[in-house]
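This report describes selected features of a two-chain model. The sequence and structure are shown first.

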Amino acid sequence: MPYDSIVLVKQVPDTANITAEAMKEDGTVNRAALPTIFNPEDLNALETALEVRDAYGGTVTAVTMGPPKAADVLRACLFRGADRGILLTDRRAAASDTLATSYILSQAVKTVGRFDIVFCGRQAIDGDTAQVGPQCAEKLGIPQITYLEQLVSLDGPMVRIRRNIGHGWEVVEGRLPVLVTVIGSANKPRPPAARRVMRFKRAKVMAELAAEAKADKPGAPDDEVQAEAQRRAAAVKEKGLLIEQWNLDDIGADLERCGLAGSPTKVFRVQSIVLTKEGYTEVVATEDGVRQMIHELVIDRTLG
Amino acid sequence: MIDPNRQGEVWVFAEQEDGSLHDVVLELCGKARELADTLGVKAAAVLPGNQVRPLAKRLIAQGVDNVYLVDNPKLSHFQTLPYARVMTTLIQRHKPQIVLYGATAMGRDLAPRVASEMRAGMTADCTDLEISDVTDPKTKTLHKNLLLQIRPAFGGNIIATIVNYDWWPQMATVREGVMPLKPADESRRGNVVEEKVELDETLLALKLIQRHIEPRKVNLKGARVIVAGGGGVGSKDNFRLIYDLAAAIGGAVGASRAAVDGGYIGKEHQIGQTGTTVRPALYIAAGISGAVQHRAGMEESAKIIAINTDRDAPIFSVAHYGIVGDLKKVIPMMIKAVKERR
């Protein structure tokens, strides 16, 4: 039987390659200066969903939340074989913590409607919290199966999944619908398919078309830019290349539960870790020297 | 969410599997004790499972005053929904101000589900927890005795301090080995409180089909601190020093290929191109010259301390702190300094 999957994906800063240039003077990270990538484990989640569709039929819908630029990851999903992409973008969603984010994503999933399995990567490399998956499952009122390393079988409404539990593994069986988080060792994500890249590289969301229209008509009045954007959107849609763009109203979100207002956790302070390394501090091999070094490591929180 | 309850206890989720407590739970009991003492409240552990009453004694010896025992055959194997129901029911019943979980496979599965159901905050993988008064920079309101949840973010490039102002309970996960393990005090007294929690069949959504547990291996990947020894350690006996420092600091033991080839330690501890690649918060290389194959496996560590008698050893080229000296003298000094810290 065919299965409909929804994959939750995220565009993240490439934290493995942060350089000193990406740090602002106040010690915070300048996100705009960072290259962005497709969150690695979300690619494994997409691959699992595509394998299910290839084997059983059905559909794969990719959903992401982020600024208009996050449409990049939706195009990347389309290149690899996703049937549909949806960008959830809204300024009122900014500063959402994991609880608010999972609320918004779960509303988006509900708006998509029918699904058998929601797949997400275990965690995103910018926060490494691994919380959004389980929290979405709770908000959807369905069981979660975390840390998939192998989808063992799908048989009618029943799924068997092998979970990596760190010091071993277990196979669990559950009834669909479920939400599954996928780990990096689950599979090797397929590369983009050349023919699909040719076809979908011009796929755009409305916000991108609006920004382009504005750039092409410098100084033009707003309504003129608006009309141009609409005209372009109609043309792109005609070719089946308009990626859906939703805001919080489209998904019926309660604004009290979104953004800063919906986030119980607040960032109180941020300190940067000095990234540049110029030589080393020579520690004299005496008790005082060693004690001073340990003290510094406690101060900079290397040691608890 | 629950309203701030200044008399609320500090809780630890007592993760156990097949009747044995996870080490991180024992560490967290010590931390909960410390936080509870600062706040002037009690520390407690929530112990769900099947026939797990004997574990309560150990939790009390590690520092908690109360153990909420939920003994039920339906809890014999961990699965998210019934365990989450236990936590949310007890949190609503007793209104703790802080709930800590180990950042284990189980804790990271359970805690966010509980947080979502409670509509509460959750901070993952804290490396430190403190109590402090905090003034909200937006409203200028002073909040007394909040839990500072301190964690690395952005791939370890920044340290963020997270707080929940009036939106409680304050919940966090902590990785194993981050909090020091306090010695057990068998003379401590505490209460075991039996709790009834309704667990209907619909919560048992998953069926366990098969399970494979591997013997506990060296966990170099997850370690926040690694103390590694090389050929310069000189003998298997001397390698004891490496273990001692690792124990004092709460870290894992690593080795260079020279130490493995010399028979000082097993291959599963080897770090480098042919062993494990690691990037802990702190890497201490003792008696390791730092061949490129070794450096490739550890140079991404956030902080590196190199101890070597040879001033020209290549390990110093990747070090943040360099100590030119005999590790047999330097390591005991480090153990002493670590024990005396704070």
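## A buried strand in chain B

Strand S11 (residues 170-174) of chain B is mostly covered, with five of its five residues buried. Here a strand is a DSSP run of E, at least two residues long, and a helix is a run of H or I of at least four, each numbered from the N terminus. A residue is buried if 20 or more other C-beta atoms, placed from the backbone, lie within 10 Å of its own. Gln170(B), Ala172(B) and Val174(B) point one way from S11(B), whereas Met171(B) and Thr173(B) point the other way.

The model is predicted: local features need pLDDT of at least 70, side-chain atom pairs count only at pLDDT 80 or more, and totals for chains, interfaces and linings use all residues. Residues are numbered from 1 along each chain as its sequence is written, and chains are lettered from A and ligands numbered from 1 in the order in which they are written.

## Partners of S11(B)

Strands pair if DSSP finds at least two bridges between them. Strand S6 (residues 98-102) of chain B runs parallel to S11(B) and is joined to it by five bridges; Leu100(B) stands opposite Ala172(B). Strand S7 (residues 123-126) of chain B also pairs with S11(B) in the parallel sense, over two bridges, and Cys126(B) stands opposite Val174(B).

## Contact between the chains

The contact takes 62 residues from chain A and 69 residues from chain B, two residues being in contact if their C-beta atoms, placed from the backbone, lie within 7 Å. Among the elements that give two or more residues to the chain A side are helix H3 (98-112), strand S13 (266-272) and helix H8 (287-299) of chain A.

S13(A) and strand S10 (residues 158-163) of chain B run antiparallel and are joined by six bridges. Within this pairing, Arg269(A) stands opposite Thr161(B).

Key:
Buried ≥ 20, exposed ≤ 12 C-beta atoms within 10 Å, placed from the backbone.
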